[in-house]
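Please look over the sequence and the model below before reading on.

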Amino acid sequence: MAEPWRDRARRAVEWNWRLRSASDPRPHYVICGKDALAYYVARAMLESELPMGGARVTVVVPERYRSNGPDVAGLRGIRVVRSDRLDVATFEAAGLAGATGLALLHQDDVGNLHAALCAQAVDQRVRQVLRMFNGTLADGVRKLVTAPVEVLSDAEMAAPAFVAAALGEVDPSSFQHRDKTLRVARRADVRPQDVVCALAHLTEAQGVELLPAEQAGADLVLAEATGQPAGTQVAARRLVRARRRRRPVAVLMGAVRGFATRKIGVAVMLVLAVIAVLGALISRAEGVSPAEALYLTLVTTLSGADPDTEKAADAQIMQVVLNLAGLALIPLITAAVVDGIVNARLALHTGRLQPARVGHVVVVGLGNVGTRVMAQLREYDVEVVAIDKDPEPRGAALARQLEVPLILGDAALPETLAAASVADCQALVVASTDDVANLEAALAARDLRADLRVVLRLFDGDFAERVEETFALGVSRSVSYLAAPAFIGALTERAVITTIPVDRHALPVAEVPVAAGSELDGRPLDVVNRDGQVRLIARTPAGGLKTIWWKDLDPRQVIFAGDRLTVVARRRGLDWLTRQCAPPAQGNVTLPHGHVGSTPRPLPTPSGAVPSGPVPSGAVPSGAVGGGAPSTPAAVPGSMPASTDQEVAAPDPHAIHPVPAPPPRAEG
């Protein structure tokens, strides 16, 4: 049977890729995944402006799969390998041997571990980045895999943003770097001397302005932690105090209503009513006081009485009826107690109707993210109720351990939301893996209560933004978008310390080393800061000296090779800084300041300005036609003058050169 034309075409394309990759000097990255995280990582690698002029990306996806969000296989410029198994043959077909990095991004901890071991058999030098939820298994991976490996959890990185949104606070992200602990806070909540840099300015007209030029007017800042509790912790304490101040009678009545079934309760009430009426009649017939009548009634009902034939007929009838009522009351009390115990156990295991609650947080979906959100809320002592369709979701065992009620059912149904007391809750966190189900649950909850705070998980960032604007559903978060910068940093071996989520954006905090002969070698610190892109917060001099923090940084200080710059940046700004700090490319001739190939990159100049001075050797000025003789290159800090007739000697990284006046800093 002839091979189908689609298979022949695919094999031809793969063969061309193999031929092409053999002579392609760009770094090669292999990404295994099918969801939004793989999409964001692959797209960022394609768009990243690495020193070698970009990257080659190969994506390994299953043969047939359905994507709830953006499709990674639909990205232009990537090579797609389809395979249902991540084994040695698949990695060989993907060209893993000699690759720069491998990202295993499936939501399968054991599968990712097996794939890491198979990749190690293909090439032990490839850097691996694994996505894992189980922390214990992650520690084992670091011991089993001999190749350079980094294990990250997207759920752990994104959960604080969901918790903060549920409590109406900013993300309580805090991290330790060198000798200081920094955290994200509102400017009004920290002292002015503790502010490290401005992160965002929130305006209704322009939305979110990241890393603004005006530091004093920013609403969200990065500050030094000085022992003051974070805003999320303060909000959680306030919520716990409000819950404890609730009326004890209301709590008791709620517990009584949820203790027994309706039928048993009605039967008990009827028997007690009969006993009360007969007790009143005995009090009137015997001519005794109400206290004595109560005593006679209880003794006759619960223990019976000796027969007395000399009593009147009506008294004898009431005595017989009371004895019968006593016979009925004791089994009913026993049934109510047994039914209450059984209901409590069934509610714990099957999610039946729970007692009414007020001021709690409802978490829909106990997957990776929902489980982390539930655990962090319980750490703050916030009452939580969970909803899930699966009888045994990933977080079921932890929910039982934390005594969190788990209600089984569809969160889009009103009866399920009523069982969780959504109408009286503090916030609703919808964190399942289905965008459609999440949106349905959020809309159904808003029908119960119009002002309910809803934190919605959506995979597609653009879809999340449009849903938030159209339906006014509160806050929307994309776990993959928040976690992608950390995975990208680990894959490209950038020292990404943490990722700060701001609204639907993510700001990586990274430490970038300065290479000898790079663009920044010998330049002042002032050229690092770029409004809206990069903000320098610390500098660690070469040789492991003490870190110089933002308070003591002088813009006129000179950057030397071996320095490490700690910055808060956007992704494109971090790409720019990585290029500026990268060593110069080695080609036929040595080019100053990181020029790639035979086309040097000019120094930063103001927008619209033309660089002055002679053109470096081998470069063709803008607008020139043909190959006219180039002029003598100008001396550049950190490099030696080059002659057109001789090979240029590499600069001495230990030499100290005079620092000329810096050129105007590029805008943007």
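Two strands are said to pair if DSSP finds at least two bridges between them, and strands (E, at least two residues) and helices (H or I, at least four residues) are DSSP runs numbered from the N terminus. The model is predicted, so that local features need pLDDT of at least 70 and side-chain atom pairs count only at pLDDT 80 or more, while totals for chains, interfaces and linings use all residues. Residues are numbered from 1 along each chain as its sequence is written, and side-chain values use heavy atoms, leaving out hydrogens and water.

**The hairpin**

Strand β7 runs antiparallel to β8, and four bridges join them; the two form a hairpin with two residues between them, where R178 in the turn has a positive phi of about 55 degrees. H177 stands opposite K180 in β8. In a regular strand the side chains alternate between the two faces of the sheet. In β7, F175 and H177 make up the covered face, whereas S174 and Q176 lie on the uncovered one.

**The open sheet**

Five strands, in the order β18-β19-β22-β20-β21, form an open sheet with antiparallel pairing, and its edge strands, β18 and β21, each pair on one side only. Seven bridges link β18 with β19, and T498 stands opposite V509 in β19.

| Strand | Residues |
|---|---|
| β7 | 174–177 |
| β8 | 180–186 |
| β18 | 495–502 |
| β19 | 505–513 |
| β21 | 548–549 |

**The whole chain**

The protein chain has 18 helices and 22 strands, and of its 668 residues 47% count as buried, that is, under 20% relative accessible area (1.4 Å probe, protein chains only).

Technical notes. Buried means under 20% relative accessible area, exposed over 50%, partly exposed in between (1.4 Å probe, protein chains only).
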